[in-house]
Amino acid sequence: MTYLLKNGHILGQHGLQPQDILIDGQTITAMAAHLDTPADATVLDLEGGFISPGLVDVHVHFRDPGQTDKETIRTGSAAAAHGGFTFVGAMPNITPTTDTPAAMTAQIKRNQTAGKVRIGQYAPITMGRTGDKLVDFAALQKAGAFAFSNDGSGIQSAETMYLAMQGIEKTGLPLAAHVEDVSLFNHGVINAGPRAQELNLPGIDKTAETAQLARDLVLAQATGVHYHVCHVSTAESLQMIRMAKMAGVNVTCEAAPHHLLLSDQDIPDTDNSNFKMNPPLRSESDRQALVVGLLDGTVDCIATDHAPHTQAEKDQGILKAPFGIVGSENAFSLLYTRFVRTKLFTLGQLIAWMSARPAKLFNVPAPQLKVGHTADLAVFDLAHQQTITAEQLVSKGKNTPFLGTKVYGGTLATFVGGQPVYQRGELQ
């Protein structure tokens, strides 16, 4: 198929500039302020929409196989496409998990068959994703793993993490760590502090994150592994990462949109489990530290931690409901509205944190708007406001604290390999 994207804009050296893009097959074949329409082309009038390289999310949960009542590869990847993502990294907390080459091969095949976007598959660090028995790192890399993580479970044994780092360093792949010392978690449901006291809810102390992070940074320095910190959430964690980087430790980290946008002071008095995630929403000073961390380079990229749950699960209330919120479909629009329109971030910075930088960190091809490159791209409506509603979400999960939020930057279209995988109103 040949597609001509008309009347769009791309980000140039001096801001947004008019651009038409011609896609033939999988490839961008022409770009100019105005292109004539080939006889065989399908024309999509973007009406001034912003054309971006496809977004890259290195942290999603698709629940398939094992918990397909929450999400499937098909619905999760459709949600990613709806958010402008053309590549996602799927965590291994599925059943069966991808802890053997055969399981990894089978999962990659499922991803390719059912996925609407490109999917990199994580392998767990330990068998079954919990415990201390290490997987065969080299064999899983050969089978197609793009990174290793036990996300959802912190590795409790220092010896296990040390040996894992030694093994993963030999593969050259990242080790993406969920840092959580369960002995310090205290069965909390929100951040420990004044808001937890006001709501009479058990709190999760920061040390559950920071204590294990401190251990891991020492081990990462000793082993040289690429140690990537998932969903960093505290100012203290950021300072440790900042200092480790200065000391030459091969450490990177991601921030989740919800930690950049909300603090525990935003948790309402009503029993709303859509504000329950792990790590929890921290203090306002922690939230501001994350923003500063992005701007000074301590935080390397943004990743959604898309975590769908059923409505019945979330309806149990904040004490019993599972941790996690969906994030794929509105990450860009929420961040664009809050930070770019207020001029705290530039549009170029936001796209870099959500596309080129995570791609580079995880050694996957970065989408590029250049002639001769694969047409993995997204188109966003920066001019018109919309309200986030449950009915708009294509994910099975509707569990987000941002329902009712007014945003700019909704997705108009997403192309993967030159083919449209999402089109609002079909744009025709």
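**View 1. Polar contacts around aspartate 151.** The side chains of aspartate 151 and histidine 61 form a polar contact of 3.0 Å, and the side chain of aspartate 151 also makes a polar contact with that of histidine 59, at 2.9 Å. A polar contact is a pair of N or O atoms within 3.5 Å; within protein, one must be able to donate a hydrogen and the other to accept it, and residues adjacent in sequence count only if both atoms are side-chain atoms. The model is predicted: local features need pLDDT of at least 70, side-chain atom pairs count only at pLDDT 80 or more, and totals for chains, interfaces and linings use all residues. Residues are numbered from 1 along each chain as its sequence is written, and side-chain values use heavy atoms, with hydrogens and water left out.

View 2. Aspartate 151 lies in the loop between strand S9 (147–149) and helix H4 (158–171); helices (H or I, at least four residues) and strands (E, at least two) are DSSP runs, numbered from the N terminus. Aspartate 151 counts as buried because its relative accessibility is 3%, where buried means under 20% relative accessible area, exposed over 50%, and partly exposed in between (1.4 Å probe, protein chains only). Beyond neighbours within four places in sequence, aspartate 151 contacts His59, His61, Met91, Asn93, Arg129, His178, Cys230, His231 and Asp305; contact means heavy atoms within 4.5 Å. Although buried, aspartate 151 has no salt bridge, and the nearest side chain of opposite charge, arginine 129, is 6.8 Å away. A salt bridge is a side-chain nitrogen of Lys or Arg within 4 Å of a carboxyl oxygen of Asp or Glu; for charge, Lys and Arg count as positive and Asp and Glu as negative, while His and the chain ends are not counted.

**View 3. Histidine 61 and the annotated binding site.** In an unreviewed UniProt entry, the feature "binding site" is placed at His59, His61, Asp151 and Asp305. These positions are spread over 247 residues of sequence yet cluster in space, with a largest C-alpha distance of 9.8 Å. UniProt positions follow the numbering used here, feature names are shortened, and annotations may be inferred rather than shown by experiment. Histidine 61 is located in the loop between strand S6 (55–60) and helix H1 (73–82), and its relative accessibility of 4% makes it buried. The side chain of histidine 61 makes a polar contact of 3.3 Å with the side chain of histidine 59. Not counting residues up to four places away in sequence, histidine 61 touches several residues, including Glu71, His306 and Pro308.

**View 4. Asparagine 274 in its loop.** Asparagine 274 occupies the loop between helix H8 (257–261) and helix H9 (284–296) and is buried, with a relative accessible area of 15%. Its side chain reaches the backbone oxygen of threonine 400 at 3.5 Å. Asparagine 274 and lysine 398 are 124 residues apart along the chain, and their C-alpha atoms are separated by 9.0 Å.

**View 5. The two assigned domains.** The domain assignment gives domain 1 (2–50 + 372–423) and domain 2 (55–362); such bounds come from an automatic or database domain assignment. The contact takes 34 residues from domain 1 and 43 residues from domain 2. The C-alpha centres of domain 1 and domain 2 lie 27 Å apart.
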